[in-house]
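I opened my notebook to look up a few things in this structure. Here is what I wanted to look at, entry by entry.

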Amino acid sequence: MQQPRSAADFIELGPWEGMPAAQQPDWRDHPAYPGACRALASAPPLVTVPEIRQLRGSLSGLARTNTLLLQLGDCAESFYECTPRHTATKLELIDRLGDRFSELTGQSVVRVGRMGGQFAKPRSQAFEWHEALSIPSFRGHMVNSDIATSAARQANPWRMVWAYEASDGVQRVMRTYRQRHGRTATTDGPWSSHEALVVDYESRLIRRDPDTDDLYLGSTHLPWVGERTRQPAEAHVALLSSVANPVGCKIGPAANPDDILRVCEALDPRREPGRLVLIPRMGRDRIREALPPIVRRVANAGHPVVWLSDPMHGNTVTSRFGLKTRHLADVITEALRFRDIVEEHRQYAAGLHLEVAADDVTECVGGSVEDEEALRRRYTSLCDPRLNASQATELIEAWAKGTAAGPCRPA
Ligand code: PEP
Ligand code: CO
């Protein structure tokens with residue numbers, strides 16, 4: 001194979017080119033496509049190699065130093081909430097929850113935001129009904145508009161450039177914040193993370209570190225592959241296999257241990273601590289059967305992964321009024337079951353991956369949101385229902401106590 005000469009050349013030669021890729025916008029014939037791709041390929045990376053290495057170093061020591069990992073933010077970031085003020089509010093929330101987690105557990109907490117690039121969403125349905133019309137689903141501001149008309153929902157590749165610019169603004173505020181708050185090894189972060197979903201975008205932000213010749217993904221510190229795109233022989237996993245960032249992988253309840261082992265072999269072939277974060281998101285009930293064989297399999301194969309619980313995505317239900325919601329009691333139960341299962345297998349339960357809003361939203365039921373009726377008060381999510389800060393605090397307190405905050409809802 002021809003030796004790549006530059007990042008842009010490498011992209012054409014990347015092993016993911018020509019591989020199947022689920023959940024991609026159909027926009028290659030759009031007139032803005034070539035220009036958007038060129039703009040990204042020649043743009044500076046949004047995060048630096050020393051930052052990525054620092055996070056990877058922190059993740060490699062979590063179990064040894066009994067340090068927790070707390071990753072949280074919006075399900076989908078909005079282009080309209082990337083101002084310095086919005087970003088500062090989100091960073092303060094992350095630190096407030098991180099500090100509380102630390103205070104209650106006596107453990108240090110590495111902090112990661114779902115921010116600075118979380119603009120693309122996988123969808124189970126390509127179309128949705130709106131006022132008796134079938135329109136394309138919202139796929140994140142990197143792909144289309146959240147406005148519910150057929151025209152606004154057309155995928156526009158130039159949105160990738162807007163996503164880059166919005167992310168750049170957020171990353172700059174995050175960098176200043178980290179510098180101002182004199183981060184130490186014990187209050188590391190907040191670092192950025194997002195689902196590496198749009199292959200056209202992510203592949204064009206890969207850069208080579210001239211010092212080591214390693215490739216890095218310049219779009220974020222910690223990219224992850226989602227439950228719908230983690231097939232080992234497909235583009236998303238191939239792309240993340242090629243870069244030296246720490247990487248995450250979501251694991252749903254239907255995953256079989258052989259598949260997860262293949263993902264581990266692809267993403268962590270050298271069995272390096274700090275490289276791979278596995279994020280089960282199985283649901284309150286299904287986690288009991290589904291997680292143990294996977295933990296056993298991964299541990300027996302010697303992959304030193306970080307185990308992180310996403311207790312949100314397996315517990316989504318439709319409320320009586322049609323709004324998507326999650327019950328805090330279910331979220332808490334899954335998180336505690338996760339920890340018990342991981343610890344029963346003598347592995348380290350590193351912490352939580354959550355969807356939490358900086359505003360005082362009413363999207364999940366529990367705590368201050370007393371019932372499904374109350375969801376209508378302030379439901380602003382672009383995608384999945386997020387916890388508000390007080391609900392997230394309740395979850396963190398339950399983790400710290402090691403006991404469920406309340407009885408399980410009947411199934
Ligand atoms: C998400 O994290 O918002 C998401 C879509 O997750 P998953 O891939 O686990 O469904
Ligand atoms: Co979500």
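**Entry 1: contacts of Arg281.** I listed what Arg281 touches, leaving out residues up to four places away in sequence. The list is Glu227, Lys250, Ile251, Gly252, Pro253, Asp310, His313, Gly314 and Glu334. I noted that the model is predicted. Next I looked up where Arg281 sits. It lies in the loop between strand S10 (276-280) and helix H10 (287-300). Is Arg281 buried or exposed? Its relative accessibility is 10%, and buried means under 20%, so Arg281 counts as buried.

**Entry 2: Glu227.** I turned to Glu227, which Arg281 touches. I found Glu227 in the loop between strand S8 (222-225) and helix H8 (235-241). Which residues is Glu227 in contact with, leaving aside neighbours within four places in sequence? I found Lys250, Ile251, Gly252 and Arg281. I also found a polar contact between the side chains of Glu227 and Arg230, at 3.0 Å.

**Entry 3: the record.** I checked the UniProt entry, which is unreviewed. Its "binding site" annotation covers Arg114, Glu227, Arg228, Lys250 and Arg281. From this set, Arg114 is in the lining of the largest cavity.

**Entry 4: the cobalt ion.** Which residues coordinate the cobalt ion (ligand 2)? I wrote down Cys75 (SG), His313 (NE2), Glu355 (OE) and Asp384 (OD), at 2.1 to 2.4 Å. In sequence, the donor residues are spaced C-x237-H-x41-E-x28-D. Cys75 and Asp384 link distant parts of the chain, 309 residues apart. I placed Cys75 in the loop between strand S1 (68-73) and helix H5 (84-105). Asp384 is in the loop between strand S14 (349-355) and helix H12 (389-401). Both Cys75 and Asp384 are buried.

**Entry 5: helix H9.** I moved on to H9, residues 257-267. Which of its residues are buried? I noted Ile260, Leu261, Val263, Cys264 and Leu267. Seen down the axis of H9, the buried residues fall within an arc of 160 degrees, so they line one face of the helix. What covers them? The cover includes H8, strand S9 (247-251), S10 and H10. Last, I looked at the start of H9. There a side-chain oxygen of Asn256 reaches to within 2.9 Å of the backbone nitrogen of Asp258.

Definitions and conventions
Residues numbered from 1 in each chain as written. Chains lettered and ligands numbered in written order. Predicted model: local features only at pLDDT ≥ 70, side-chain atom pairs only at ≥ 80, totals over all residues. Heavy atoms only, no water. Donors = N, O, S within 2.8 Å, 3.2 Å for Na, K, Ca; no water. Helix = DSSP H or I, 4+ residues; strand = E, 2+ residues; numbered from the N terminus. Buried < 20%, exposed > 50% of the residue type's maximum accessible area, 1.4 Å probe, protein only. UniProt positions renumbered as here; feature names shortened; annotations may be inferred. 1 Å grid on protein atoms, 1.4 Å probe; cavity = no way out; pocket = protein on both sides within 12 Å on 5 of 7 lines; lining within 4 Å. Contact = heavy atoms within 4.5 Å. Polar contact = N/O pair within 3.5 Å; in protein donor to acceptor, adjacent residues only side chain to side chain. Arc of directions from axis to C-beta.
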